[in-house]
Structure formats: C-alpha cells, structure tokens
Amino acid sequence: MMFSSCTKNKVKSPALTEEQLVNLYADALVLRHEAHLMDEDTIETSRRLDSLYTSYDVSSEEFEVALQNHKQDLTAWKEFYGKVVKRLAILQEESSPKKQ
C-alpha cells in the first residue's frame, strides 16, 4: 500500500522518438537563449515553451522526465547531446543568410 501512494503521481515518460526528443531539446535551447538575449520576461518565455511542448504533443513534465531518463546514463547522455549539437548546427545553417 505504501508503494502505490509513492508512485501514484509519477509522470510517465512520453512516447517521443529519440529524434523528436533531440529536436525538442534543441528547439527549447534556442528558445531559451533567444529569450535571454531579448531580456524576455519569464512569463512570456514560459508561454513560448508551453507552445513548443504542445507542438510536440508533450507536457513540460513529460519532457523533463524524458531528459532525466537520458541523464541517468552518462554514455547515453553524451550520445544524445552529440545529436543535439548536430541539430543545433543544422538549425544555425538553415537560419544563416545564403551566400550567392
């Protein structure tokens, strides 16, 4: 009985693919960095993050659980973060003005 009350409110890991989680994490990093650069207030940043989570059909809690699951294994986290870095490079390339 005691165990059921401890796990009752546990947020389960979302059904995001690895690629979706990489993309979501990269998008969230970009969004947070933009907000910092623009001195955006925390309410607006939270609203934009909520919109981002909604676009991936995931809650902020589910997103955090998925990240924590990856962080439990350092090797897996390094591999995951390497994919995020590659995704950020692609996003940067896509947003850079094209040379003619």
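## A tour by way of helix α5

This is a predicted model. The mean pLDDT of the protein chain is 86, and 84% of its residues reach 70 or more. Start by selecting residues 1-11. Here pLDDT stays under 50, and the model has three contacts beyond four places in sequence for this stretch.

Next, select residues 74-95. This is helix α5, with 22 residues. From its first C-alpha to its last, α5 reaches 31 Å, close to the 32 Å expected at 1.5 Å a residue.

Now show the side chains of W77, F80, V84 and L91. These residues of α5 are buried. Look down the axis of α5: its buried residues fall within an arc of 65 degrees, so they line one face of the helix. Turn to the face of α5 that points away from the buried side. There you find the exposed residues T75, K78, E79, K86 and E93.

Go to the start of α5 and pick D73. A side-chain oxygen of D73 comes to within 3.2 Å of the backbone nitrogen of T75.

Move on to the largest nonpolar core, which has 20 residues. Select L24, Y25, L52, F63 and F80, the members that touch the most others. Helices α2, α3 (42-55), α4 and α5 each supply at least two residues of this core. The most come from α2, which gives seven.

Finish on L52. Leaving aside residues up to four places away in sequence, L52 touches L24, D27, A28 and L31.

Definitions and conventions: Residues numbered from 1 in each chain as written. Predicted model: local features only at pLDDT ≥ 70, side-chain atom pairs only at ≥ 80, totals over all residues. Heavy atoms only, no water. Helix = DSSP H or I, 4+ residues; strand = E, 2+ residues; numbered from the N terminus. Expected span 1.5 Å × (residues − 1). Buried < 20%, exposed > 50% of the residue type's maximum accessible area, 1.4 Å probe, protein only. Arc of directions from axis to C-beta. Polar contact = N/O pair within 3.5 Å; in protein donor to acceptor, adjacent residues only side chain to side chain. pLDDT = per-residue confidence, 0-100. Contact = heavy atoms within 4.5 Å. Core = buried A, V, L, I, M, F, W, Y, C linked by side-chain atoms within 4.5 Å.
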